[in-house]
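Me: I'd like to go through a structure with you, feature by feature. Could you give me the general idea each time and then show me the case here?

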Amino acid sequence: MPFAVYLLGLAVFAQGTSEFMLAGLMPGIAQDLNVSIPAAGLLTSAFAVGMVVGAPLMAVLSLRWSRRSTLLAFLVVFLVVHVVGAVTTSYEVLLGTRVVAALANAGFLAVAMATAVAMAPSNAKGRATSVLLGGVTIACVAGVPGGAALGEVWGWRSAFWAVAVALIPAIVAVVVSVPGGGAGAPSPLGELRALRRPRLLVLLALGALVNGATFCTFTYLAPLLTGTTGLGSAWMPAMLALFGLGSFAGVTISGRVADVRPVRLLVVGGLLLLGGWVAFAVTAGLAAPAIVLVFVQGTLSFAVGSTLISQVLYAADGAPTLGGAFATAAFNVGATVGPWLGGVAIGAGLGFRSPLWVSALLVGAALVTAALAYAAGRGNTSMAAGL
């Protein structure tokens, strides 16, 4: 795998830290800005909405731009809005910065996927995807718990400052590693025509459901573990790191298996993922199984999720930039709906355990969708490769 792909993963790490760190900062943000926990959870949903809108929009706008200039522009915008978020005292302004940051993140990720896939061998899209998503999981292992620790000691704003500082070496890495020439991509209409495939639509739906389940629980992980499991707030950095270690294990597994045995990984992993969410919901009041399942569910969620992303890229052959953009958008549809559904369940008085049941229902819906698609006659060889 070209070294430049790993440097793109470094930039994804900095942005991934921002995307996920609110899971550990939510109680502090809610208290400081005088809003409820579900309202603070909408900050994650706002980021996801920006990703959904921004992924295809930014990808289309950047098709004819220099990839290096495009990636740099997105990173600079991402840095600036984090500075604004770090100094604001307004919930509404913070909400707005999350949307703008997501637009920049979505554009960066879509172009970075196209760049990484172009650099990788034609039969290694899964490996290239796992390297980029490895940046996200390292963010979970190091950046997110680090942000939670900063929030515990110096307040949640310090985590936003840390992200802004972490973006500086990412910007340097893009300057050094990405060629300055044009993207050389086909026209937007040409890429859109390549996306009209039933297999692709099913894969996007599955990705949205699986990622919705992941974000539904992860967004409320801190209040779940402190309010239901009974762990102290000082445990949160370690628990977030544990989820991150699981997610890193998941993308590592996906990188080794997704290019050769995607069906087996998705079927077995999907069934285990469903069982894990149910087990977590049943045992959430007990510390030992909750700690184990934080790791297990992080592993399964990212193994299945990153495999689905790589299969989208295979299905979207001929549309490298928009394929990555639609994968990003679909997964962030899940990241929007998942926390919202979890917030609705909590707001209805069902407690912090309820997002776990919602996650189980979403994965169950993904398995049913895959089975129905197969049974409806689309389960031919090419479809099976993605299901």
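Me: Let's start with N34. Is N34 buried or exposed?

Reply: This is a predicted model, so keep that in mind throughout. N34 has a relative accessibility of 71%, and since the cut-off for exposed is over 50%, N34 counts as exposed.

Me: Where is N34 placed?

Reply: N34 sits in the loop that runs between α2 (22–32) and α3 (37–61).

Me: Let's zoom out. How many helices and strands does the protein have?

Reply: There are 16 helices and zero strands. Of the 387 residues in the protein, 58% are buried. As for contacts with a separation of 6 or more, 86% of them are between residues 24 or more positions apart.

Me: How do I read a pair of packed helices?

Reply: You want two values: the angle between the axes and the distance between the axes. Take α4 (residues 67–87) and α7 (residues 156–177): their angle is about 165° and their axes are 8 Å apart. Angles over 145 degrees count as roughly antiparallel, so that is what α4 is relative to α7. Their crossing is left-handed.

Me: Which residues of α4 and α7 meet?

Reply: On the α4 side, the list includes L71, L72, L75, F78 and L79. Among those they meet on the α7 side are W156, F160, W161, L167 and I171. By class, the residues of this contact are 20 nonpolar, two polar and two charged.

Me: What about α11 and α13, at what angle do they pack?

Reply: About 35°, with axes 7 Å apart. Here the crossing is right-handed. Residues of α11 in the contact include M239, L242, F243, G246 and G250, and α13 brings in I291, F295, G298, F302 and S306, among others. The class count for α11 with α13 is twelve nonpolar, nine polar and no charged residues.

Me: Now the aromatics. How should I read a ring pair?

Reply: Again with two values: the distance of the centres and the angle of the planes. A search of the whole structure turns up three aromatic pairs. In one of them, W156 and F160 have ring centres 5.4 Å apart and planes at 80°; planes over 60 degrees apart count as edge-to-face, so this pair is edge-to-face.

Me: Why are W156 and F160 separated by about one helical turn?

Reply: Because they are four residues apart in helix α7. W156 is buried, at 5% relative accessible area, and F160 is buried too, at 1% relative accessibility.

Me: What about F243 and F302, how far apart are their ring centres?

Reply: 6.2 Å, with 80° between the planes, and that pair is edge-to-face. F243 belongs to helix α11 (residues 236–257) and F302 to helix α13 (residues 287–315), so the pair ties together parts 59 residues apart in sequence. F243 and F302 are both buried.

Me: Which residues form one aromatic cluster?

Reply: F218, F243 and F302. When you look at F243 and F302 on screen, bring F218 into view as well, since those three make up the cluster.

Definitions and conventions. Residues are numbered from 1 along each chain as its sequence is written. This is a predicted model: local features need pLDDT of at least 70, side-chain atom pairs count only at pLDDT 80 or more; totals for chains, interfaces and linings use all residues. Side-chain values use heavy atoms; hydrogens and water are left out. Axes are lines fitted to C-alpha atoms, for helices over the stretch in contact, and angles run from 0 to 180 degrees between N-to-C directions. Helices (H or I, at least four residues) and strands (E, at least two) are DSSP runs, numbered from the N terminus. Angles under 35 degrees count as roughly parallel, over 145 as roughly antiparallel, 65 to 115 as roughly perpendicular and the rest as oblique. A crossing is left-handed if the near helix is turned anticlockwise from the far one by less than a right angle, and right-handed if clockwise. Contact means heavy atoms within 4.5 Å. Ala, Val, Leu, Ile, Met, Phe, Trp, Tyr, Cys and Pro count as nonpolar, Asp, Glu, Lys and Arg as charged, and the others, Gly among them, as polar. Rings of Phe, Tyr and Trp (its six-membered ring) pair if their centres lie within 6.5 Å; planes under 30 degrees apart count as stacked, over 60 as edge-to-face and the rest as tilted. Buried means under 20% relative accessible area, exposed over 50%, partly exposed in between (1.4 Å probe, protein chains only).
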